2 protein chains.
Amino acid sequence: MNSEELYSEIKSKGSFLCIGLDTEMDRIPEHLKDHEFPLFEFNRSIIDATHDLAVAYKPNIAFYECQGAGGWLQLEKTIEYIRVNYPRIFIIADAKRGDIGNTSRKYAETFFGRLNCDAVTVAPYMGSDSVQPFLGYEGKWVILLALTSNKGADDFQYLRTGGHEHLFESVLVRSKDWGNAENMMYVVGATRASMLVKVREVVPHHFLLIPGVGAQGGELADVVKYGMNEKCGLLVNSSRAIIYADSSDRFADVARDKAKEIQGEMKRLI
Amino acid sequence: MNSEELYSEIKSKGSFLCIGLDTEMDRIPEHLKDHEFPLFEFNRSIIDATHDLAVAYKPNIAFYECQGAGGWLQLEKTIEYIRVNYPRIFIIADAKRGDIGNTSRKYAETFFGRLNCDAVTVAPYMGSDSVQPFLGYEGKWVILLALTSNKGADDFQYLRTGGHEHLFESVLVRSKDWGNAENMMYVVGATRASMLVKVREVVPHHFLLIPGVGAQGGELADVVKYGMNEKCGLLVNSSRAIIYADSSDRFADVARDKAKEIQGEMKRLI
């Protein structure tokens with residue numbers, strides 16, 4: 001999917017919502033736990049209930065991997081279900097991978113080849129040759145970590161580097177020429193929306209994936225004010241606040257209500 | 001496994017060799033490809049042929065993940081095979097994970113709980129709360145990326161940060177108090193062995209996992225000269241140079257010869 005197609009979906013749905021599928025056995029409703037594929041059944045219900053309100057889904061790989069081979073199967077089934085039923089949805093594998101070249105090539109094969117995701121999150125620490133293997137796939141995207149929304153972001157991402165910029169700015173400056181605004185996006189946490197100004201100075205045209213709205217705090221209006229560009233340029237993620245809004249057999253309806261609330265605000269802000 | 005037990009293995013085997021199981025379908029001998037579990041069959045042969053020469057095995061998760069659920073199953077079988085047959089071997093999941101707290105907890109559950117590995121490699125970019133969840137497991141280890149052996153290490157790891165040290169030194173300085181020399185190790189690439197001097201100034205007592213000897217270049221004698229400490233403190237990894245030394249049905253014997261060669265040099269250097 002290219003940026004024009006993504007933007008077209010955003011306009012048509014009045015939404016730049018990404019729903020994070022951080023699906024875990026301990027938190028899904030009791031009545032689903034006896035299913036052969038409980039994580040997949042949960043995801044299917046959430047996706048059916050919200051597909052017209054969201055432009056992207058973001059399965060968090062850790063939550064499937066921790067169930068072993070059976071978890072991977074349910075991840076594959078989830079992605080295939082979206083591909084078959086809602087082909088214009090953008091699918092992000094939240095994997096935060098990053099390794100030397102031949103290993104990154106394997107990760108790229110996994111997420112772009114085998115799983116046919118549109119994008120994968122990648123960590124920058126190992127530099128360009130750990131990212132390049134992901135950039136050779138037509139219509140696929142690397143979403144590189146720049147500024148994350150967790151407390152630990154302070155440890156290294158805000159360090160001042162040689163040119164007196166923050167490390168996360170060095171990551172943006174150096175990496176933006178590895179690819180372009182058609183195959184790279186950045187993760188930028190919403191916990192300090194004013195930092196979006198600095199981000200937009202370096203990468204005005206790239207899409208940004210913004211976590212930290214919802215369970216992690218953050219303000220949608222500020223994100224739009226400081227982060228939106230000519231093609232919207234934003235995917236704002238919410239995971240737990242939507243998918244675990246209710247734990248009864250009405251969970252999917254309540255998730256829809258919650259997604260509708262966020263999408264309504266997005267529609268006003270676009 | 002604690003550091004004393006690991007050191008005892010190193011002394012008894014005259015080896016600080018870690019063998020990387022970067023096992024891929026395209027590179028294993030033809031006659032194994034028809035097996036139900038070809039990656040596992042390959043690993044089993046390599047492990048049986050080298051277990052007395054190596055103190056650690058390091059499966060590279062990317063190479064299993066790219067085979068989907070079936071790949072995960074073969075990873076699980078490999079680890080279980082080592083646990084049952086060679087219980088004093090140290091097992092490292094080379095996963096380079098790192099995410100916000102609740103996601104890192106899932107990764108820790110996967111690699112320490114479900115798979116029962118001794119250690120997992122973790123990327124530092126997201127800071128302390130992305131590492132802490134791995135540190136709560138008795139006898140288990142985080143191996144944090146400090147200085148990697150790939151070309152892209154230059155992009156960020158050698159940046160000068162506020163205190164004029166390199167970023168990889170900041171990672172060492174800040175992270176060493178997150179845990180201690182009984183639950184943290186560091187990845188330090190061998191491509192510039194002189195950097196080991198700087199590393200040892202900050203973390204004299206920690207074990208270091210050294211890639212980059214073998215297929216990635218690097219000199220064992222220099223690594224020992226600059227990196228060894230009172231408990232050896234080194235695990236030197238070799239992957240492709242050992243496991244793909246031969247592609248005939250004699251591959252395991254040739255892998256043993258290659259491992260024996262490295263172990264012989266290690267024994268002289270200890």
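1. Of the 270 residues of chain A, 56% count as buried, a residue being buried if 20 or more other C-beta atoms, placed from the backbone, lie within 10 Å of its own, exposed if 12 or fewer, and partly exposed in between. This is a predicted model, in which local features need pLDDT of at least 70 and side-chain atom pairs count only at pLDDT 80 or more, whereas totals for chains, interfaces and linings use all residues. Residues are numbered from 1 along each chain as its sequence is written, while chains are lettered from A and ligands numbered from 1 in the order in which they are written.

2. Chain A contains twelve helices and eight strands, taken as DSSP runs (helices H or I, at least four residues; strands E, at least two) and numbered from the N terminus. Its C-alpha trace spans about 55 × 45 × 35 Å along the principal axes.

3. A:Ala153 belongs to helix H7, residues 153-156 of chain A, and counts as buried because it has 26 C-beta neighbours inside 10 Å. Apart from neighbours within four places in sequence, A:Ala153 has contacts that include A:Tyr158, A:Gly189, B:Met126 and B:Gly127, a contact meaning that the C-beta atoms of two residues, placed from the backbone, lie within 7 Å. A:Gly189 is 36 residues from A:Ala153 in sequence, and their C-alpha atoms are 9.2 Å apart.
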